[in-house]
Amino acid sequence: MRFTFSLLLALFLCTCVSAQKNDLKDLPGAWESNYVDADGRPAKLNMIIAANHFSLVAYYPDDGEFIATLGGKWQADWQNMSVTYEYESAESSQVGRTVVMPYDLSGNILVFNGNRFWTRVDQPTDGALAGAWEITGRMQDGEMQDLSARRDGPRKTMKILSGTRFQWIAYNTETGEFKGTGGGTYTAGDNGIYAEKIEFFSRDQAKVGRQLGFDWQLEDGNWIHRGSSSAGKAIHEIWSKRR
C-alpha cells in the first residue's frame with residue numbers, strides 16, 4: 001500500500017467537528033492511535049509533541065515495517081493548532097506547508113477530526129530528556145567536532161522525546177529530502193544509563209526489536225550521549241534543545 005500524504009493528513013489533521021477551550025500545557029507528550037490499511041493490515045500511529053515541535057510516524061507493529069512520517073513546528077491557542085512541516089517522507093513537496101485546524105482535548109483523549117482519537121501514552125512532565133533536540137557535537141577521530149554552526153542551516157538531525165518514547169529524523173528543509181528515521185521506547189535512569197528499544201527503522205527493518213544501552217548525562221543543558229550505534233559503531237555526541 002502506498003502511503004500518500006493525503007492519507008497521512010486525513011489520519012492526522014482533518015477538520016474537527018467541534019472546538020472547545022483546551023489547556024495548552026496538556027498537549028506535550030506521546031500519543032498513539034491505530035488504523036487498518038486497505039489490505040486489512042493493522043498499523044500504528046505514534047505522535048510525540050514537544051515544546052514547539054512534533055513528529056508523527058506510521059508503522060506496522062507486527063514486524064516494525066516503516067510506513068511514513070511527518071513533523072515540524074507547531075503552535076496553538078485554546079482552540080486551534082497550526083503546524084508547519086519540516087519533513088514529510090511520503091510527499092516532499094509538502095515541506096514548508098502550514099495547516100491550521102481546530103482540536104479537542106479531553107483528559108487523555110486528543111481528537112483532530114471527530115473520529116480519529118489519539119490516546120495519551122505519557123504525561124507532558126515525564127522524563128528529564130523530554131523535548132526536541134538537535135545534534136551540536138560529534139566525536140570524530142578522537143576530537144569533538146563542533147556542529148553548532150549548522151543549527152540555522154537546512155540539514156537537520158533531530159531527536160524528539162516524550163517521557164517514554166523517542167524518534168530521530170534526518171532531513172533537509174531546503175530540498176525537502178527525507179533521509180531516514182527510527183524510534184521506539186526508551187528509559188533514562190538516574191544511574192546514567194539510557195536504553196532504547198527499536199520499534200521501527202526506515203533504513204534497516206532488521207534492526208527492529210534491538211535494545212541498545214548508552215551512557216547519558218545533562219551538562220549545561222546539553223545531552224551528552226555515549227555508547228554504540230545499532231551498527232556497532234562507537235558514538236559520543238552532544239545534543240542541544242532545538243530553538
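A pocket here is an open set of points on a 1 Å grid over the protein atoms alone, with protein on both sides within 12 Å along at least five of seven lines. This is a predicted model, where local features need pLDDT of at least 70 and side-chain atom pairs count only at pLDDT 80 or more, while totals for chains, interfaces and linings use all residues. Residues are numbered from 1 along each chain as its sequence is written, and side-chain values use heavy atoms, without hydrogens or water.

**View 1. The largest pocket holds about 1,000 Å³ of space.** Of its 37 lining residues (an atom within 4 Å of a point), Arg138, Thr157, Trp168, Arg203 and Glu237 are the closest to its centre. Strands (DSSP E runs of at least two residues, numbered from the N terminus) that each supply at least two lining residues include β10 (131-140) and β18 (234-241).

**View 2. The largest cavity has a volume of about 40 Å³.** A cavity is a set of grid points where a 1.4 Å probe fits but cannot get out, and volume is the space filled by probe spheres set on the points, which are joined across faces, edges and corners. Look for Asn46, Met47, Ile48, Val57, Arg165, Phe166, Gln167, Gly184 and Phe200 in the lining. Two or more of the lining residues come from each of β2 (42-49) and β13 (165-172).

**View 3. Glu65 and Arg41 form a salt bridge (2.9 Å, N to O).** The term means a side-chain nitrogen of Lys or Arg within 4 Å of a carboxyl oxygen of Asp or Glu. Glu65 sits in strand β4 (residues 65-76) and Arg41 in the loop between β1 (29-36) and β2, so the pair ties together parts 24 residues apart in sequence.

Conventions
Helices (H or I, at least four residues) and strands (E, at least two) are DSSP runs, numbered from the N terminus.
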